[in-house]
Each structure stands twice: as C-alpha cells, then as structure tokens.
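Please read the following briefing alongside the sequence and the coordinates.

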Amino acid sequence: MTPPAIVERAVGVGLHVIAITDHNAAGNAAAVRRAAAGSGLAVLVGMEVETREGVHVLCLFDEMGPLEELQQEVWAHLPTAPNDPALFGEQLLLDERGEMAGSCDRLLLTATGLNLAAVEAQCAAGGGLTIPSHVDRRAYGLLEVLGFLPADLAAPALEVSGRLTEQEARERYPGIAGRPLVWGSDAHCLADIGKCQTLFEIGAASVAELRWAFAGTDGRACRGRAA
Amino acid sequence: MRLAQIAAELDLQPRSAQASLERAVTGGHVGDLLSAVMAQAKPGQVWVTVQVHPNIVAVAVLLGLAGIIVAANGEPEAGTLARAEAEGVPILCTGLGAFEVAGRLYELGVR
C-alpha cells in the first residue's frame, strides 16, 4: 500500500475523498496527500487512535499541524514497547513516490493511555473531527466496548462496519437515535479501497464541510452508505 | 457475603458510595467488554473490570450489580466516581489483577 498505489486505486474506483488514518500514527498521511496532488482526489489527514478504553476513534484534520500535535500526545501516552516485525509486520514510512523514508520502531497496535474524552478534546482543540470507527465490532468498536454511547460523546457521526446496513445498525443499536452514520472501507490492502463508501453532498473536502453535512447545514448532507 | 467484608479481606480501597457497602453479594462477573457484561452479568453480582469510564456505573445500575471492583491499579475517572456516588454504586480499587481478584473472591465463597 504505497501512497501512489493508494491514490491510483482510489481514483480508479471513483472515490473523490479519502482519509489516511493509520493506527496511532500520522507518519504516512502527508505523503499520500502529496501523491494525490493533481489527481483530483482529496485526502484528509488523520489517525485512528486507540483509547484507553480500547475504543478506536478516527481523528480527521485539514492540516498536518494539529495532526502532528495529536501524534505527540499519542507518543506521550503509548507504551514504549518496540515493534517486533516478525510478529506484527513492518511499520514503514513511505514518501509520495512510494520509496522507503524510514520506519516506526514503537509498537503502534496497543491502546494509548488517553481516554476517549481526552482524545476528543485534543482533536477538537486542533480543529479536527472525531468519528468512532466500526462501532458495531466487538474488537475496538465503541458500542460494544462501552456498551452504549457515552453521554458526553462529541463525535457528530459514527462509523459502522460494512457488515451492517443503516437499517440494521439503527435496529441493533437504538441508542444511536438519529446520529449520522458513515461507512468506510477500513482498507488495510489495496483491494479493499472503496469497498464501503459514504455519499456526502459537500462543497469541498474539509472538516468544516463534513461538520455541516452531519448537521444538515446550508444544503450539505450526509446521504449514508453508497450503494 | 457483604461487600464490606470482601473489601476488608482483599484490602480493596472504597472510592464511592461507601454507605452501600453493606449490600449482599450473590456472585461475581469478570469482563471489560461492556456489551458482554450487560448480556451476562446478573443482579447482585460484584463486577471485576479494568474499565474506568463513566459507562461502567450505568451498566451497574442497569443490571442491579452489588458493586464494581476496578482491578490492576485502574484509576476511575472523576466523572465515573461522581456518577457512582450519585447513583449509590460502590467502586472499590485494587492493585490486584482481575485473575487474582476473581480467585480470591472464589476462595471467599463468592460463586
């Protein structure tokens, strides 16, 4: 999954916007955005943070600066265990041409010590948007790990895994009420890119436009899972 | 067995709702996946977990649990303790791991 290959595949399956959200890591997001320059594909930069509770939360930003600040918070609250490539694979950093730019030696697959509220606060402070990911999965999904939506959840939308349709999700979890739902491919390999898509009516690929879409402001809309 | 006796035997630190420590404990449950706890734990049980999020209090109230033992040096969030106090849910903390807490409870006759 090199940056140019991700862009080529995303354009090829007809996506207009993607988000790069490595687990607890921001090191490849800028390279994918650079690789997409001139392609027509917009790239939101972000991270999938694993909270202390064991919940996965997507944190999306327009710019790298606040994402890098979130990364510093994550580094400060991540166990310092080294990665074992034989067990967990390499954690490579690639440039926009897909060439090796380095690797991350710290194990990224563990939980941070940051609780859900702290992750949301850090993300909001940087102008970012939180969306708990695959909320219906027993592994790291908010609704399964914490049982139901926390009263103080700031996220304006929830991501549902591809296993459930919107109707199934709302029936299984009545507590989500009218909160907007999105579907992402959670692609860990090129073939999965575009597997699940969400249709937005927005004027540009930005965090602000997504917020407006979730709120239904000024003609923007989140139309749910694309057929 | 009363929660207060369990707290004394295992040297647990009561952190909320100490007036409710005289509750009878009718069994135990160990788990950190709250959806599974909601499906499996029974009223009157004491619940051993490493989760410290405020949602644990709601789960305990919903199920009528006797109390929550936060294992492995977990530090309940301020919002969790406030809610537990308001709802009368005893939270007891310990440095013991969940495995050892469960074993000690079993030895005490909590089954």
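Buried means under 20% relative accessible area, exposed over 50%, and partly exposed in between, with a 1.4 Å probe and protein chains only. Helices (H or I, at least four residues) and strands (E, at least two) are DSSP runs, numbered from the N terminus. This is a predicted model, in which local features need pLDDT of at least 70 and side-chain atom pairs count only at pLDDT 80 or more, whereas totals for chains, interfaces and linings use all residues. Residues are numbered from 1 along each chain as its sequence is written, chains are lettered from A and ligands numbered from 1 in the order in which they are written, and side-chain values use heavy atoms, with hydrogens and water left out.

**Helix α4 of chain B**

- In helix α4 (residues 78-87) of chain B, the buried residues are Thr80(B), Leu81(B) and Ala84(B).
- Because these buried residues fall within an arc of 95° seen down the axis of α4(B), the arc being that of the directions from the helix axis to the C-beta atoms, they line one face of the helix.
- The exposed residues Ala78(B) and Ala86(B) are carried on the face of α4(B) that is turned away from its buried side.
- The cover over the buried residues of α4(B) includes α3 (55-63) and β5 (91-93) of chain B, where contact means heavy atoms within 4.5 Å.
- Gly88(B), which follows α4(B), has a positive phi, near 70°.

**Packing of α3 against α4 in chain B**

- The axes of α3(B) and α4(B) come within 8 Å and cross at roughly 25°; axes are lines fitted to C-alpha atoms, for helices over the stretch in contact, and angles run from 0 to 180 degrees between N-to-C directions.
- That crossing makes α3(B) roughly parallel to α4(B), a description that applies to angles under 35 degrees, with over 145 counting as roughly antiparallel, 65 to 115 as roughly perpendicular and the rest as oblique.
- From α3(B), Asn55(B), Ile56(B), Val57(B), Ala58(B) and Val61(B) meet Thr80(B), Arg83(B), Ala84(B) and Glu87(B) of α4(B).

**Ser35 of chain B**

- Ser35(B) lies in helix α2 (residues 34-40) of chain B and, at 14% relative accessibility, counts as buried.
- Leaving aside residues up to four places away in sequence, Ser35(B) touches Arg138(A), Leu143(A), Glu144(A) and Gly147(A).

**Cysteines**

- With a disulfide taken as a pair of cysteine sulfur atoms within 2.5 Å, the count over all chains comes to zero.
- The sulfur of Cys189(A) is 13 Å from the closest cysteine sulfur, in Cys196(A), which is too far for a bond.
- Cys189(A) counts as partly exposed at 34% relative accessibility, whereas Cys196(A) counts as buried at 9%.
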